[in-house]
Number of protein chains: 2
Amino acid sequence: MLHIDTDSISKMQSRYQANFFNTVSGFKSANLIGTANQNGHTNLAIFNSVIHLGAKPPLLGFILRPTTVDRHTYENIKKTGYYTFNHVHESFIEKAHQTSAKYDRKTSEFEACGFEEEYFDRFHAPYVKESHIKLGLKFKEEHLITANDTILIIGKVLHAYLDEKLIAEDGSVDISSAGTVTISGLYEYLRTTKLKKFEYAKP
Amino acid sequence: MLHIDTDSISKMQSRYQANFFNTVSGFKSANLIGTANQNGHTNLAIFNSVIHLGAKPPLLGFILRPTTVDRHTYENIKKTGYYTFNHVHESFIEKAHQTSAKYDRKTSEFEACGFEEEYFDRFHAPYVKESHIKLGLKFKEEHLITANDTILIIGKVLHAYLDEKLIAEDGSVDISSAGTVTISGLYEYLRTTKLKKFEYAKP
């Protein structure tokens with residue numbers, strides 16, 4: 001077994017290091033985050049860092065680096081307070097990945113990458129019509145991670161839109177059957193196959 | 001399409017709500033976190049919340065709820081400063097899930113669930129012998145999420161141990177071929193199949 005220590009890490013070429021540590025943490029979620037500025041100009045970007053923080057109240061988080069293309073998403077969320085999470089399905093991974101390109105502020109990734117905006121219940125932020133599982137969130141709090149200046153953005157889920165058939169009796173959503181993909185690292189998209197659903201574990 | 005709003009959320013039965021919001025954020029990573037207290041008494045617990053925060057420096061985070069079984073993990077990390085992440089592979093999902101049971105402090109989940117402790121390079125925390133991808137981390141910072149009293153724990157990767165053949169030329173680790181699983185919600189474990197690896201996207 002290979003041992004990589006701090007000395008070998010410090011000698012890694014920068015893109016190699018990015019790929020190594022982006023994959024070695026394990027599989028990631030795949031969500032398109034939809035926002036709009038105060039004038040309704042929309043933005044859409046793929047994020048592989050959406051995480052569950054709690055169910056009651058329903059809180060989800062995601063990580064962003066203020067120095068990258070994500071900045072449009074951040075600015076829209078801070079100015080309007082609202083944003084959407086839209087699952088990425090197998091049928092449109094190519095278009096979804098394309099939203100990670102650095103488009104200028106005037107360009108909406110909805111149009112540039114071929115997604116259709118959808119609005120429900122007078123919510124300010126746009127949903128992605130192509131997605132079968134969509135959430136509408138309200139910004140709650142943010143945490144600056146001082147070790148590398150990334151930001152954890154936390155929001156409360158106000159709305160969920162999905163096919164009722166995807167919800168099992170116990171409340172869990174069958175995201176595998178919905179065709180939702182998972183991401184490894186920055187570039188690889190994967191399909192999932194169910195192995196086993198366990199019960200609540202007891203000693 | 002079903003619309004779930006704040007009113008329907010407030011009427012959800014508690015376990016239903018937990019399952020719904022634990023699945024709807026997307027797929028999760030599967031890691032066993034290994035720790036030891038100051039006397040070397042070990043603890044092992046599965047976490048589905050490990051996330052990548054940055055590659056340079058290599059920072060990974062995970063979420064824990066201080067009010068649950070995770071507390072042993074938290075106390076050991078805060079007291080000793082060190083912990084390990086060990087990928088969960090398809091071959092031992094049953095044992096890995098069993099570590100989520102509420103064992104008392106005197107019981108080591110290594111022994112109770114059938115895992116073997118492994119120590120490398122005088123690192124205080126135990127690795128899991130059965131895992132093919134293992135990381136040794138040092139605690140860096142924590143953030144209390146005030147909205148629900150969960151904690152984001154951030155650590156720096158000091159060591160990585162893995163089969164050299166799993167590392168591609170670009171530095172990315174082939175965690176799918178390693179048999180690393182992904183988790184949906186709290187109970188479901190899934191295998192992955194590669195769909196496509198894209199390039200860095202340009203407008």
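Colleague: Which residues does Ala125(B) touch, not counting residues up to four places away in sequence?

Modeller: Ala125(B) touches Gly34(B), Thr35(B), Ala36(B), Tyr82(B), Tyr83(B), Thr84(B) and Gly136(B). Two residues are in contact if their C-beta atoms, placed from the backbone, lie within 7 Å. This is a predicted model, in which local features need pLDDT of at least 70 and side-chain atom pairs count only at pLDDT 80 or more, while totals for chains, interfaces and linings use all residues. Residues are numbered from 1 along each chain as its sequence is written, and chains are lettered from A and ligands numbered from 1 in the order in which they are written.

Colleague: Where is Ala125(B) placed? And is Ala125(B) buried or exposed?

Modeller: Ala125(B) lies in the loop between β7 (117-118) and β8 (127-128) of chain B. Ala125(B) is buried, because 23 other C-beta atoms lie within 10 Å. A residue counts as buried with 20 or more other C-beta atoms within 10 Å of its own, as exposed with 12 or fewer, and as partly exposed in between. The C-alpha atoms of Ala125(B) and Thr35(B) are separated by 4.8 Å, although these residues are 90 apart along the chain.

Colleague: Let us turn to helix α3 of chain A. Which of its residues are buried?

Modeller: In α3(A), residues 71-80, the buried ones are His72(A), Thr73(A), Asn76(A) and Ile77(A). They sit on the same side of α3(A), because they cover an arc of only 130° around the axis; the arc is that of the directions from the helix axis to the C-beta atoms. Helices (H or I, at least four residues) and strands (E, at least two) are DSSP runs, numbered from the N terminus.

Colleague: What covers the buried residues of α3(A)?

Modeller: The cover includes β2 (31-36), β3 (42-47), β5, β6 (82-87), β9 (133-145) and β10 of chain A. After α3(A) comes Gly81(A), with a positive phi near 90°.

Colleague: What does β5(A) pair with?

Modeller: Strand β5 (residues 59-64) of chain A pairs with β4 (residues 51-54) of chain A in the antiparallel sense, over three bridges. Strands are said to pair if DSSP finds at least two bridges between them. A hairpin of four residues joins β4(A) to β5(A), and Gly54(A) stands opposite Leu59(A).

Colleague: On to the two chains. What rotation superposes chain B on chain A?

Modeller: A rotation of 180° with 0.0 Å of shift along its axis does so, with an RMSD of 0.0 Å. That is the relation of a two-fold axis. The superposition is by least squares on the C-alpha atoms of residues with pLDDT of at least 70 in both copies. Within chain B, Thr192(B) comes closest to the rotation axis, at 2.2 Å (C-alpha).

Colleague: How many residues are in contact between the chains?

Modeller: In chain B, 95 residues are in contact with 95 residues of chain A. Helix α2 (residues 14-24) of chain B gives the largest share of its side, eleven residues.

Colleague: Which strands form the open sheet of four?

Modeller: The order is β11(A)-β12(A)-β12(B)-β11(B), with antiparallel pairing. β11 (182-184) of chain A and β11 (182-184) of chain B stand at the edges, each with a single partner strand, so one side of each has no neighbour in the sheet. Nine bridges join β12 (residues 188-197) of chain A to β12 (residues 188-197) of chain B, and Tyr189(A) has Lys196(B) as its bridge partner.
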